[in-house]
Amino acid sequence: MEQIDWSNLTFGYLKTDFNIRCHYTNGAWGELEVSDSEHLTLHMAATCLHYGQEAFEGLKAFRGKDGVIRIFRIEANANRLQKSSEGLMMAELPTDLFTEAVLKAVKLNERFVPPYESGASLYIRPYLFGTSAQVGVKPAKDYMFVVFVTPVGPYFKGGFEATPYVIMREYDRAAPLGTGTIKAGGNYAASLVAGAKANEMGYSAVFYLDSKEKKYIDECGAANFFGIKNNTYVTPESTSILPSITNNSLMALAKEMGMKVEQRQVPVEELETFEEAGACGTAAVISPIQRIDDLQEDKSYVFSKDGNPGEICVKLYKKLQAIQYGDEPDNFGWVTILK
Ligand code: PLP
Ligand code: COI
């Protein structure tokens with residue numbers, strides 16, 4: 001096998017041995033199939049291609065010090081994919097089938113789960129899309145579910161270093177009552193122009209305000225926002241952000257650590273009051289925020305002068321990773337051990 005430089009992996013695609021596929025036809029899901037091809041054959045009029053009938057998930061597998069492979073929050077990801085299916089009128093995949101497919105994909109690619117010491121992990125990408133032909137704007141009759149895996153390093157260069165974000169009022173990621181709460185592929189296509197502009201200007205990602213009033217914080221690129229002050233973990237409630245499973249886990253851990261947790265509308269001016277701030281998601285885990293520039297208002301909210309993460313961000317990050325790698329007990333039942 002080719003040598004993989006585990007410690008220097010980026011968040012990119014690396015070919016692995018097998019992927020899992022499952023077809024929905026005549027109103028029922030078929031058997032899981034194992035494939036060693038990286039390609040799919042699709043009908044040219046498949047609804048996923050022209051009407052964006054597609055949603056995905058993202059979760060990770062970690063190899064512990066004990067060599068055991070742990071997969072983080074499979075069920076929560078299965079549930080979110082079901083919500084996405086509902087939102088896009090796609091066939092719903094049962095949790096059991098989702099779980100079986102994920103476990104199978106990891107098992108068959110076990111040699112790609114990075115070693116404990118590398119700090120890398122195996123990213124799991126399940127996705128579901130309409131495959132049958134449709135020219136009128138209608139949902140497909142047939143669907144396909146695929147799971148591939150790929151070993152990954154940190155999402156942002158620099159890993160757990162604080163990085164800058166930018167508020168861009170001239171772009172929206174999702175409409176207030178649109179698809180922001182589900183993981184539709186189209187949401188990401190809609191975010192590419194603003195994201196590329198932010199990157200060109202040297203920022204990690206766009207810091208989105210609510211699309212209607214531009215008054216409240218939505219999310220940070222493809223991650224949720226949290227701010228810390230007075231021993232309180234504050235995170236936005238909104239009808240246009242993705243319910244992050246990482247954020248949900250961090251809220252539980254913050255409570256366990258004796259912090260107060262507030263999930264509510266967060267006015268942009270409140271940024272001034274946070275002692276620490278972070279972006280959270282499966283890919284980034286926690287990516288501490290160095291500063292948020294509001295170019296139109298000629299304002300900058302600074303959280304880290306030296307680029308180092310704040311104390312509570314570090315504590316939450318370590319706790320979450322300790323559960324994921326199996327260094328600390330999984331009191332919440334978040335982890336599935338690969339047999
Ligand atoms: N927000 C958006 C828009 C995302 O794409 C993601 C990534 O999945 C998140 C937040 C973080 O969600 P999770 O923690 O479930 O990965
Ligand atoms: C996340 O896992 O946090 C993500 O945002 C995934 C991203 C690559 C779409």
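Visitor: Is R80 buried or exposed?
Guide: R80 is buried, because its relative accessible area is 9%, under the 20% cut-off. Keep in mind that this is a predicted model.

Visitor: Which residue does R80 form a salt bridge with?
Guide: The partner is E57. The closest N and O atoms of the two are 2.8 Å apart.

Visitor: What does the pair tie together?
Guide: E57 sits in the loop between β4 (54–56) and β5 (59–63), while R80 is in helix α2 (residues 74–87), so the bridge ties together parts 23 residues apart in sequence.

Visitor: And E57, buried or exposed?
Guide: E57 is buried, with a relative accessible area of 0%.

Visitor: Why can such side chains pair at all?
Guide: Because side chains of opposite charge can pair when their charged atoms come close.

Visitor: How many salt bridges are there in the whole structure?
Guide: A search finds 15. One of them joins the side chains of R169 and D294, at 2.6 Å from N to O.

Visitor: Where do R169 and D294 lie?
Guide: R169 is in the loop between β9 (163–167) and α4 (185–189), and D294 is in strand β16. The pair therefore ties together parts that are 125 residues apart in sequence.

Visitor: Which is R169, buried, partly exposed or exposed?
Guide: R169 is partly exposed, at 24% relative accessibility. D294 is buried, at 2%.

Visitor: What is the relative accessibility of K299?
Guide: K299 has 36%, so it counts as partly exposed. E272 is exposed, with 54%.

Visitor: Which residues are linked in a network of salt bridges?
Guide: The network links K229, K260, E262, R264 and E270.

Visitor: Let's pick E270. Where is it?
Guide: E270 lies in the loop between β14 (260–264) and β15 (276–281). At 12% relative accessibility, E270 counts as buried. A polar contact of 2.7 Å also joins its side chain to that of K229.

Visitor: New topic. Which residues form a negative surface patch?
Guide: That patch is made by E31, E33, E75, D96 and E100.

Visitor: Where does E31 lie?
Guide: E31 is in the loop between β2 (28–29) and β3 (33–35). With 67% relative accessibility, E31 is exposed.

Visitor: Backbone next. What is the phi of N231?
Guide: N231 has a positive phi of about 55°, although it is not a glycine. N231 sits in the loop between β12 (223–229) and β13 (232–236). N231 is partly exposed, at 41%.

Visitor: And what about the phi of D298?
Guide: D298 is not a glycine either, yet its phi is positive, about 50°. D298 is in the loop between β16 (285–294) and β17 (299–302). At 72% relative accessibility, D298 counts as exposed.

Visitor: Last one. What separates the C-alpha atoms of L209 and V268?
Guide: They are 7.6 Å apart, while the two residues are 59 residues apart along the chain.

Visitor: Where is the place of L209?
Guide: L209 belongs to strand β10 (residues 205–209). L209 is buried, with a relative accessible area of 4%.

Notes:
Residues are numbered from 1 along each chain as its sequence is written. Chains are lettered from A and ligands numbered from 1 in the order in which they are written. This is a predicted model: local features need pLDDT of at least 70, side-chain atom pairs count only at pLDDT 80 or more; totals for chains, interfaces and linings use all residues. Side-chain values use heavy atoms; hydrogens and water are left out. Patches are made of residues with over 30% relative accessible area and no salt bridge: like charges are joined within 9 Å, nonpolar side chains (Val, Leu, Ile, Met, Phe, Trp, Tyr) within 5 Å. Accessible areas come from the Shrake-Rupley method with a 1.4 Å probe; for residues, only the protein chains shown count as cover. A salt bridge is a side-chain nitrogen of Lys or Arg within 4 Å of a carboxyl oxygen of Asp or Glu. Lys and Arg count as positive and Asp and Glu as negative; His and the chain ends are not counted. The place of a charge is taken as NZ of Lys, CZ of Arg, CG of Asp or CD of Glu. Helices (H or I, at least four residues) and strands (E, at least two) are DSSP runs, numbered from the N terminus. Buried means under 20% relative accessible area, exposed over 50%, partly exposed in between (1.4 Å probe, protein chains only). A polar contact is a pair of N or O atoms within 3.5 Å; within protein, one must be able to donate a hydrogen and the other to accept it, and residues adjacent in sequence count only if both atoms are side-chain atoms.
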